[in-house]
Amino acid sequence: MPQLHFYEQGRSLFVHVLRRGRTVLGRSDRCDVALPSESVSRIHCIVEGRPDGWRLLDRSRHGTILNGSRVEDVTLSDGDELTVGIYRIRFTEDVDGLLRSPTATVPVPAAAHVELIEGSEQGVAMVRAQLRLSRGPLQGQVVPLRQMRTSVGGPGATVELDAQLPANALYVRVVRGRPMIEAGTAAVFLAGTRVREITPILTGEEVRVGEHGFGVELSTTEDHKDLESFGEMVAASPIMHRLFGALFRMAAHDAPVLLVGESGTGKELAARGLHEASPAGEGPFVPVNCAAIADNLFESELFGYEKGAFTGAVTQTDGAFHHADGGTLFLDEIGEMKLELQAKLLRALESGEIRRVGGREPTFPDVRVVAATNRNLVEMIQAGTFREDLYWRLVVLAVRLPSLRERRDDVPVLAKTLLARNHPGLELSPEAMAALQSYDWPGNVRELRNVLIRASVMAGPRIGAGDLSFNPWSFEGEPPPPNARLGGRDPERRMVEDALRQAENNRARAARILGIPRSTLLYKMERLGLKPGRRSRSS
């Protein structure tokens with residue numbers, strides 16, 4: 001069975017057993033093999049099993065090296081050596097037997113000890129790992145794992161057991177929520193068998209080193225860290241402080257984010273905050289208003305076009321994905337996107353491939369997508385106007401920005417901040433502030449800003465209640481109900497149940513149908529109170 005052997009600075013890391021189909025390598029935790037290093041592109045390369053052999057396709061800005069030469073599309077041979085960033089990879093064919101640890105992943109960047117499985121305005125849900133010592137002098141102690149690779153042993157180790165052991169007796173890795181044991185310089189036994197390669201540890205199994213024993217436990221926790229501001233957003237209400245904390249946590253991950261809220265609630269400010277707080281904060285932030293682009297120009301605006309693709313296409317032109325390379329693409333009002341373009345966007349999110357209109361060769365910009373909408377996407381799915389697979393691709397990290405009438409306590413701090421930023425020297429009288437707090441704000445923060453702009457033009461240094469001009473007819477249509485959320489729990493429950501039924505209760509297959517990780521599906525099932533049915537062997 002073909003395999004990829006991964007090395008770093010001459011040290012063997014792990015082996016990945018190739019299956020027919022596409023195996024994506026890159027820095028993103030959406031890849032099949034996630035390689036933590038800035039020298040690796042989010043989508044770096046693809047190894048694809050074809051009838052005529054195994055093909056290597058480069059998809060990176062950094063380049064993929066095969067036997068010392070940079071390549072783009074080549075057939076692999078037994079013994080070939082690849083260089084992907086700081087990693088060396090050896091391709092082998094027809095290896096007898098199976099490896100003890102055919103793991104498909106390595107730790108994700110920056111937070112390998114944490115797997116972010118769901119996010120909302122209430123906080124984020126994460127899988128964390130901890131050691132529970134089961135024998136020896138430290139029996140009963142619990143040690144949380146806080147690093148992507150934790151050394152266990154004697155003096156100098158991250159987790160010190162006793163002075164007789166070497167510092168690097170063994171290592172514990174957490175690979176996308178999956179604990180792994182890596183042998184060091186001491187004899188290490190897992191479930192009675194000596195560990196010689198990186199090996200998964202299952203719940204209930206014991207690791208023995210010297211007179212010590214421990215197990216690795218996984219626990220799902222919900223983080224509700226509060227922040228008083230996020231990017232340019234400020235607030236005084238507890239609901240917004242919790243939302244800011246959730247956004248800050250999401251910024252560290254490169255998964256797509258879906259922002260939901262009425263017009264004017266600050267979705268673009270939230271998107272900019274996510275970009276600025278992310279590892280790609282120094283890169284470009286490219287906003288695209290999906291409601292403002294003509295249907296016939298949509299694809300070329302997003303993906304670019306080749307010379308001669310249509311009348312007027314006189315040169316090759318980049319699209320928004322290319323302009324956002326190395327940064328964030330903000331797709332505002334994604335609910336206005338046509339179904340056929342939704343399919344192309346889904347492919348781009350899944351594979352990283354971008355094809356210009358009229359072009360044959362794909363490009364691979366390194367982009368994080370943040371989307372926003374003021375529409376109910378679940379209702380659109382039921383109406384057949386929004387793709388369910390795209391919805392699940394976006395909704396793992398989802399935030400609803402509450403309307404201003406739901407958080408009237410924020411009006412004073414918002415008004416003062418807007419005046420200080422845009423109209424220094426002006427102040428509001430107590431009567432004016434009371435009038436602002438009593439208004440329903442159908443246009444939300446955007447309307448508040450406009451009211452203050454009008455007042456600043458008409459009033460002197462002190463704005464009174466009579467200087468405020470409210471114009472509720474400036475916003476077309478009725479705003480959504482105050483408590484309208486992202487489709488609510490019932491539609492989400494129905495979609496999860498449908499996927500489980502379609503997959504005959506095979507949870508791994510149901511997760512693939514929904515386009516979400518299996519751990520996220522398990523968390524959703526627990527949160528929604530769905531009891532698993534009879535599982536098939538492969539789940």
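Which residues does E182 touch, not counting residues up to four places away in sequence? The points below take up this residue first and then move to other parts of the chain.

1. The model and its conventions. This is a predicted model, in which local features need pLDDT of at least 70 and side-chain atom pairs count only at pLDDT 80 or more, while totals for chains, interfaces and linings use all residues. Residues are numbered from 1 along each chain as its sequence is written, and side-chain values use heavy atoms, with hydrogens and water left out.

2. The surroundings of E182. E182 touches R11, R149, L170, Y171, R173 and I198, leaving out residues up to four places away in sequence, where contact means heavy atoms within 4.5 Å. This residue belongs to strand β18 (residues 178-183); strands (E, at least two residues) and helices (H or I, at least four) are DSSP runs, numbered from the N terminus. E182 counts as buried because its relative accessibility is 6%, with buried meaning under 20% relative accessible area, exposed over 50% and partly exposed in between (1.4 Å probe, protein chains only). Its side chain makes polar contacts with the side chains of R149, at 2.9 Å, and of R173, at 2.8 Å. A polar contact is a pair of N or O atoms within 3.5 Å; within protein, one must be able to donate a hydrogen and the other to accept it, and residues adjacent in sequence count only if both atoms are side-chain atoms.

3. The chain as a whole. The secondary structure of the protein comes to 13 helices and 32 strands, and 52% of its 539 residues count as buried. Of the contacts with a separation of 6 or more, 59% are between residues 24 or more positions apart.

4. Helix α10 and N444. The 15 residues of helix α10 (residues 444-458) should span 21 Å at 1.5 Å a residue, and the end C-alpha atoms are 22 Å apart, which agrees; the expected span is 1.5 Å times one less than the number of residues. The buried residues of α10 are N444, V445, E447, L448, V451, L452, A455 and S456, and they pack against α8 (411-422), β31 (427-428), α9 (430-438) and β32 (462-463). An α-helix has 3.6 residues a turn, so residues three or four places apart point the same way. N444 counts as buried, at 0% relative accessibility, and a polar atom of its side chain lies 2.9 Å from the backbone nitrogen of L404. Leaving aside neighbours within four places in sequence, N444 is in contact with E262, S263, G264, T265, S403 and L404.

5. The loop residue S429. S429 is found in the loop between β31 and α9, and is buried, with a relative accessible area of 6%. Although S429 and A465 are 36 residues apart in sequence, their C-alpha atoms are 7.3 Å apart in space. S429 touches R462, I463, G464 and A465, again not counting residues up to four places away.

6. Helices α12 and α13. The axes of α12 (residues 507-514) and α13 (residues 518-528) come within 9 Å and cross at roughly 100°, the axes being lines fitted to C-alpha atoms over the stretch in contact, with angles running from 0 to 180 degrees between N-to-C directions. The two helices are therefore roughly perpendicular to each other, since angles of 65 to 115 degrees count as such, those under 35 as roughly parallel, those over 145 as roughly antiparallel and the rest as oblique. R507, A508, A510, A511 and L514 in α12 meet R518, L521, L522 and M525 in α13. Just after α13, G529 takes a positive phi of about 75°.

7. Most residues other than glycine have a negative phi. A191, in the loop between β19 (188-190) and β20 (193-194), has a positive phi of about 50° although it is not a glycine. N505, in the loop between α11 (489-502) and α12, has a positive phi near 65°, and counts as partly exposed at 29% relative accessibility.

8. Cysteines. A search of the whole structure finds zero disulfides, a disulfide being a pair of cysteine sulfur atoms within 2.5 Å. C45 counts as buried at 1% relative accessibility, and C290 is buried with a relative accessible area of 3%.
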